[in-house]
Amino acid sequence: MSQIANVSRRQFLKITGMGATGLVLGGLLPGFRPAWAKAGDAVSELNLFVSIGSDDLVHIICHRSEMGQGIRTGLPQVVADELMADWQKVQVVQGLANAEYGSQNTDGSRSVRRFYQIMREMGASARAMLEQAAANQWQVPLEEVQARDHQVWHQKSGRSLRFGELAEAAAGLTPPAKDQLKLKSPDDFNYIGKDVPIVDMPAILSGQTVFGQDVQLPDMLYASIERTPVVGANVKSVDNSAALKVKGVVDTFVMPEQSEPVLFKPLPGVAVLATNSWAAMQGRKQLRIEWTDSTHSQHDSDAYLDVLKGRVKQQGKVIRSIGDAYAGMMNAVDTFEAGYSVPYLIHAPMEPPAATAVFKDGTCEIWACTQTPQSTQQNVAGALGIEPDKVKVNVTLLGGGFGRKSKPDFSVEAAILAKQTGKPVKVSWSREDEIRHGYYHAAAAMHFAAGMDDTGRVVSWLQRTAFPSISWTFNGTSDEPSGSELDLGFGDLPFALDNLSCEVQKAEAHLRIGWVRSVSNIQHGFAIGSFVDELAHKLDRRPRELWLELLGSDRLVDPEPEGFKYGNYGESKAVFPIDTARIKGVLNLVADKAGVDKPTAKNEAWGLSVHRSFVSYVAVATKVRVDGNKVQVLEMHSAIDAGTVVNPDRVRSQMEGAMIFGLSLAMMGEISVKDGAVVQSNFHDYPLLRINQSPQIHSYIVESSQAPGGVGEPGVPPVAASLCNAIFRAGGKRIRDLPISKHMQV
Amino acid sequence: MMNFTLNGKVVSVDAEGDMPLLWALRDMLGMTGTKYGCGMALCGACTVHLDGQAVRACTLPMSLVQGKKVTTIEGLAVDASHPVQQAWKEHNVPQCGYCQSGQMMSAAALLAKHPNPDDNTIDEQMQGNICRCGTYPRIKAAIKTAAKLGGKS
Ligand code: FES
Ligand code: FES
């Protein structure tokens, strides 16, 4: 039954779409434009995010991209709560690219952090307008009316009006001033803090979801692009004769030449356009392409990482210091040092990037699984030489993002090809494309040293880091980590130390460098978390005890007076300080819940780590068994303090996902480069964690009324260290160079 | 022309014999519930049932589909009423949802063979399905719930 409805709906799209111009097709794909656009005057807009139909349905705009974090549920949940709406009568509408919404760039674990308050205000404002409309209609003082359960009530007379009955009048009123808004008391929340199931559940269960890869338009061409294997190379020549002979192939097109900075520009290459995906892929295999030389064609990731490891053994540029770390080391009774490294990594969202574009009469419409519709709009406009307001960007569901889909290069590819062919074009990246032509997590080397006095107290701390910078992607010149990357778990070291030196070393870029879930916190969380554990072992201390000692008294840490201009994830330091009490809080919570101090079976052990990132705090305890050279992860516990939480179930699911993401990268994650080209290509050589490797996972959320912090990323950084610490304590090797699979069997 | 039964209806597509079923379903029949993740039978995103067996549509050539019965996520059950779909809902399994068509199709096939699977059987039968979002603990729990709800419907 359901499948028949589905097929016929799609056929309906094909038939009706044929007669329409490409640019109105969006209205025919469900969820891609405001639902009221076709409902006509029956729906009234109360504000940018809230519209209400005479049928009582409340349409709430979600302006952020859904990639599995549950934001299409979480933000509307906040609006509906303040609005006093009935969740069963809420319809979530995906917002188009529109600067009026504020930033739509769904990365940096920011959606709830930045929009919790605004969404509350949007809901409260619409509620106030409905109440005012009812008071006007009844000719009673505003104080006597109250919204509740999708209606406005007049207690005295027992009268009530449904939201749908009030919407039109309410929409004609002036919204209340912000300082006049009455926000609900948290005690009265109906939805905030509740496990509301995700709004896309029914569509996911029945296969009706539309991801970027799923968009289909009438008369659409399918494109598969062979891109340069080495960054900086261009197409020198191409022989497309065999490709054009493949059945279904319509044409080929040489993508524009590029130069550095690489920005979000499409990579040079040759596109094969066909009537279906398979034909496009088959045709692409027949291309004969010669590439120009590139300055990066000598890049070899192993040799490069060795160079970085060498550099971090040398004194570098100091970015933060307390006292004199070098004198501190000289005066120390004992010292200890260790180096760590993390290779290049890639996002590997389950859905590789995909975008569909139509170009007609100087305007372009895009459908894409993008984390960043506004930057998609800007970049497409730039590439086509039209104004951004001539580009309409529809955001589909994202089959995972992890930062890959905040780079709009794939939408620009589709736009260029749509303009070139005059037809709708879908560019689908294959898994190989995704792994070989991404924006990589930077390979990184770090070096740590600690000096102890005769009581074993750590009196001096030295840490250095080197990795190619994301800034290079944008300027083509940066050759050392930038401040915004050092913010991520390096310059913000929260330890109480008499002497500290945080230093950076040079690292030139040879690949497109980008942000991957938790970004530089990955390497810094791994290195710091491992080094503390190594120190604890050396000093014969329990790891938790040493962590608590290093963190020192309950206090707010500000690295600024020590020379480090700390960005704090763009947040106010007053609202979101580095709070050592909260770090200790999650550490103690997880250690107690997991029972890390209890005896374990032979060859089994716990590992601990803790990390603050995206203004939230996460501690992880991991239990492993080591048999000979084989590692098995048995159990993981995580605790997060993210302040106020909107949907605890989605926070737990993010934490579960972060544990597994962290295990994947720690155990098996490695992108290597030979002769400037990425070696790996698919899941056989870039493996991801599978169900048989997945441990039991327990997640704890610290109850808090503090401002909401990030959730999507902060779970990742402590994972690798907690795992490697557990392996060592279970009798395995001390792993300082990820991934673990290079040293042990996983 | 290739003829086969898709979710109970006979369909025909003008596909080459070497075209994998995945692309015939997605591009020619508009059935996009079955997803692409790797194209090499490495991730399970494209899992469908061929005469009741779980198979990877990305590597299954149309020549082998001719005359057979194919079930996709869209046809697993009316109104998402299959025990697997019910259990998935109960445990709030999906994050992004992209892998979940394949996960549910694999789980349904697993339960048809093993109505009461233990952890090892689940690990064995489900390890071909990757979930990058990391929903494995919930998938495991949901399969056990689905088993209680009746295994195969
Ligand atoms: S797409 Fe078929 S197994 Fe991955
Ligand atoms: S839910 Fe996103 S890949 Fe499985």
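A polar contact is a pair of N or O atoms within 3.5 Å; within protein, one must be able to donate a hydrogen and the other to accept it, and residues adjacent in sequence count only if both atoms are side-chain atoms. The legends below describe a predicted model, in which local features need pLDDT of at least 70, side-chain atom pairs count only at pLDDT 80 or more, and totals for chains, interfaces and linings use all residues. Residues are numbered from 1 along each chain as its sequence is written, chains are lettered from A in the order in which they are written, and side-chain values use heavy atoms, with hydrogens and water left out.

**View 1. The two domains of chain B.** Chain B comprises domain 1 (2–75) and domain 2 (78–152), with bounds from an automatic or database domain assignment. Their C-alpha centres are 20 Å apart.

**View 2. The interface between the domains of chain B.** Contact (heavy atoms within 4.5 Å) joins 15 residues of domain 1 of chain B to 12 residues of domain 2 of chain B. Across this interface, six residue pairs are in polar contact, both residues being at pLDDT 80 or more. On the side of domain 1 of chain B that touches domain 2 of chain B, β3 (47–50) and β4 (53–56) each supply at least two residues; strands are DSSP runs (E, at least two residues) and helices likewise (H or I, at least four), numbered from the N terminus.

View 3. A:Pro717 belongs to helix α20 (residues 717–729) of chain A. This residue is buried (under 20% relative accessible area, 1.4 Å probe, protein chains only), its value being 1%. Leaving out residues up to four places away in sequence, A:Pro717 touches A:Ser518, A:Asn521, A:Gly525, A:Phe526, A:His611 and A:Ser613.

Technical notes: Buried means under 20% relative accessible area, exposed over 50%, partly exposed in between (1.4 Å probe, protein chains only).
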